[in-house]
Amino acid sequence: MMDRPIDRAIRSAQEIRETARRLASVREAALSGAAPLHPASDAPRTLIGESWLRALGSGVDPDRDADQQPLSVAELEHRRQNSQLTAVLPVLHDGLLAAAHAAQQIMVVTDAEGRVLWREGCAPVRRMADRLGFDKGADWTEDVVGTNAIGTALVARRPVLVHSAEHFVRSHHQWTCAAAPLHDPRDGRLLGTVDVSGPAQSFHPTTLPLVSAVARLAEGELRTRHHGSLERLRSSAAPVLARLGGQALAVDPHGWVAGVNGITPPDRVALPKAPEAGPLWLPRYGMCALEPLPGGWLIRIGRHQEPPPGPGRVLLDLGGRDGATLTVSGAVGDWSHELTPRHAELLFVLAAHPEGRSAAELARDLFGDGGRAVTVRAELSRLRRHLAGVLSHRPYRFADGVEVELRLPSRPGRLLPQSTAPAVVAARRG
């Protein structure tokens with residue numbers, strides 16, 4: 001939802017020009033240091049002020065366009081072919097492209113790294129965008145072009161409107177952009193953004209709600225496709241599972257479970273990035289055998305009885321744009337686990353305190369309230385089920401003998417940007 005000051009200011013098209021002038025004055029005052037970049041009557045919206053600070057910290061020049069280094073044609077095509085967003089382009093086109101044409105705007109789809117994969121819409125506006133370097137393959141993150149709807153939505157992980165002089169770079173002040181993030185509905189992983197951009201004078205107050213609604217439709221299409229693929233795998237795996245006498249699971253290539261035999265079904269199994277048929281150690285089940293199925297894998301539990309060696313090294317990566325991951329390495333191979341925001345906070349605190357933390361200490365680290373230890377214990381119980389052999393308790397810590405590498409963003413202010421946990425906020429400040 002938009003912050004209230006800008007929502008009131010641009011609720012009607014007639015007020016756009018006056019709003020642009022006011023925003024230009026606010027920007028000049030804020031960037032010159034004459035006004036704070038924090039909430040006040042003459043300050044930018046909180047979302048915009050925080051983005052301006054990030055752009056300043058990244059060294060973006062507010063008065064000069066960035067020198068773009070667009071993707072090569074081959075790399076652009078590779079990213080398109082491997083993007084899950086290819087499957088929902090018809091949904092995005094049906095929902096946005098006609099409206100973009102009618103309003104003299106363009107529709108843009110980016111990947112999770114802010115690279116423009118597709119750009120369509122009004123031809124004159126495409127030519128205007130060309131002059132800004134806003135073309136296929138361009139990098140439209142805040143680090144490169146400052147505050148803009150695409151880059152700021154990638155950081156904020158929510159729909160964003162950037163109007164006129166709210167853009168950090170002066171040459172973008174004639175534009176208004178509305179972008180919404182697109183997530184994988186299976187696990188919440190960021191896939192990219194969909195954006196509608198155009199001249200500020202053609203802005204309509206319904207643009208951001210429309211973009212947000214179409215993004216939700218696209219995520220719904222991805223969810224439907226996922227369920228369909230699991231149903232097809234379930235049908236082909238059912239007779240195989242029925243013939244087995246032991247414990248087994250049928251999973252898709254990403255570890256999502258389509259069927260089980262002899263065990264309680266989990267939602268997902270952590271597979272290696274490039275699984276191969278043969279013996280395999282899995283964090284929840286120990287040694288297993290992996291066999292190919294049409295559209296997935298058959299996991300036979302307990303087929304190899306040698307004692308599984310424990311993990312030797314973990315990499316907690318909090319520096320990527322597409323979310324936090326934990327990669328575990330050992331003698332039987334590597335596997336990665338995508339982390340929820342809360343689990344990322346917990347593991348960051350444990351990595352920062354190798355001596356361990358009690359539940360009450362973790363509650364203060366995460367919530368500023370030691371009385372929420374029960375909540376912490378429940379979250380850690382879920383984590384330990386997924387990360388067998390990685391975590392210990394009494395106190396909570398990474399297991400003895402496990403080497404831990406913590407990979408942080410290049411700038412402290414980008415650490416888990418949506419987190420309000422006191423320990424994370426303190427770490428951002430250095």
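Five strands make up an open sheet in the order β2-β1-β5-β4-β3, with antiparallel pairing. Strands pair here if DSSP finds at least two bridges between them; helices (H or I, at least four residues) and strands (E, at least two) are DSSP runs, numbered from the N terminus. The edges are held by β2 (116-121) and β3 (160-163), each with a single partner strand, so one side of each has no neighbour in the sheet. On average, neighbouring strands of this sheet are turned by 15° against each other, direction ignored. Angles run from 0 to 180 degrees between N-to-C directions, and axes are lines fitted to C-alpha atoms, for helices over the stretch in contact.

The model is predicted: local features need pLDDT of at least 70, side-chain atom pairs count only at pLDDT 80 or more, and totals for chains, interfaces and linings use all residues. Residues are numbered from 1 along each chain as its sequence is written, and side-chain values use heavy atoms, with hydrogens and water left out.

Within the sheet, β1 (residues 106-111) and β5 (residues 190-199) pair in the antiparallel sense over six bridges. Valine 109 has valine 194 of β5 as its bridge partner. Helix α5 (residues 89-102) packs on the sheet and touches β1, β2 and β5, where contact means heavy atoms within 4.5 Å. The direction of α5 makes about 145° with that of β1.

Helix α4 (residues 73-82) has Leu76, Arg79 and Arg80 as its buried residues. Buried means under 20% relative accessible area, exposed over 50%, and partly exposed in between (1.4 Å probe, protein chains only). Seen down the axis of α4, these buried residues fall within an arc of 100°, so they line one face of the helix; the arc is that of the directions from the helix axis to the C-beta atoms. They pack against β1 and β2, while Ala74, Gln81 and Asn82 are exposed on the other side of α4.

A further open sheet has five strands in the order β7-β6-β10-β9-β8, again with antiparallel pairing. Its edge strands are β7 (257-261) and β8 (278-282); each has a single partner strand, so one side of each is left without a neighbour in the sheet. Neighbouring strands here are turned by 30° against each other on average, direction ignored. Six bridges join β9 (residues 286-293) to β10 (residues 296-301), and proline 292 has tryptophan 297 of β10 as its bridge partner. Helix α9 lies across β6 (248-251), β7, β9 and β10, at about 20° to β7.
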